[in-house]
Amino acid sequence: FQEWWFARADPEGKFDLSLKMYQVLNGLLERNDRIRSLVDLGCNSGEVVYAAARRGIDAVGVDFPAVVRRITFPIKTLAMDLNQQFPQGTYDVILCREVFEHVSDADAFLDGCSRIAHPGTLLLLSCPYTARQFAGNAFHLRVLAENELRDAVERHGFVVSEVFSE
């Protein structure tokens with residue numbers, strides 16, 4: 001997966017605006033009067049962190065040490081395993097793109113997200129939602145129906161304002 005992601009990373013840090021998640025994120029970044037900090041949990045190539053930083057947002061990317069070593073964008077990074085560690089501080093936006101299904105303890109992960117949130121923090125979380133998307137991927141540990149995901153996120157103090165599928 002990392003090979004695929006790094007191969008498709010735009011050298012200018014642009015992301016695919018045909019996807020709803022990135023449309024929402026781009027809208028937030030464009031109206032960054034309220035967004036001063038962002039953490040991308042599972043940042044892969046770091047293109048979102050780079051795009052946010054170029055807009056004046058204090059942004060940091062978090063991923064496994066082997067992934068962070070490969071990032072070529074000039075961004076702030078933290079090398080850590082989100083199954084065992086979590087970044088410090090608080091953030092206006094917490095981004096988790098296709099990470100939730102990989103963590104071993106979903107509640108511990110969401111608890112970590114709530115620890116780095118403050119009132120008004122936006123959590124953007126995406127994950128596969130059908131068993132079809134798990135076929136043949138040993139690294140996917142869970143599939144949740146929309147109501148299960150909503151319940152899990154709300155149990156950890158977040159308010160769900162929008163759910164969409166692509």
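**Exercises on a predicted chain**

The chain exposes about 8900 Å², and carbon and sulfur atoms supply 51% of it; accessible areas come from the Shrake-Rupley method with a 1.4 Å probe, and for residues only the protein chains shown count as cover. The model is predicted: local features need pLDDT of at least 70, side-chain atom pairs count only at pLDDT 80 or more, and totals for chains, interfaces and linings use all residues. Residues are numbered from 1 along each chain as its sequence is written, and side-chain values use heavy atoms, with hydrogens and water left out.

**Exercise 1.** State how many helices and strands the chain has, and their order.

Solution. Step one: helices (H or I, at least four residues) and strands (E, at least two) are DSSP runs, numbered from the N terminus. Step two: the chain has six helices and five strands. Step three: along the sequence they follow the pattern α-α-β-α-β-α-β-β-α-β-α.

**Exercise 2.** Find where confidence is lowest and where it is highest.

Solution. Step one: pLDDT is the predictor's confidence in each residue, from 0 to 100. Step two: the chain mean is 82, and 81% of residues reach 70 or more. Step three: helix 1 (residues 2–8) is lowest, at a mean of 56, and strand 3 (residues 76–79) is highest, at 96.
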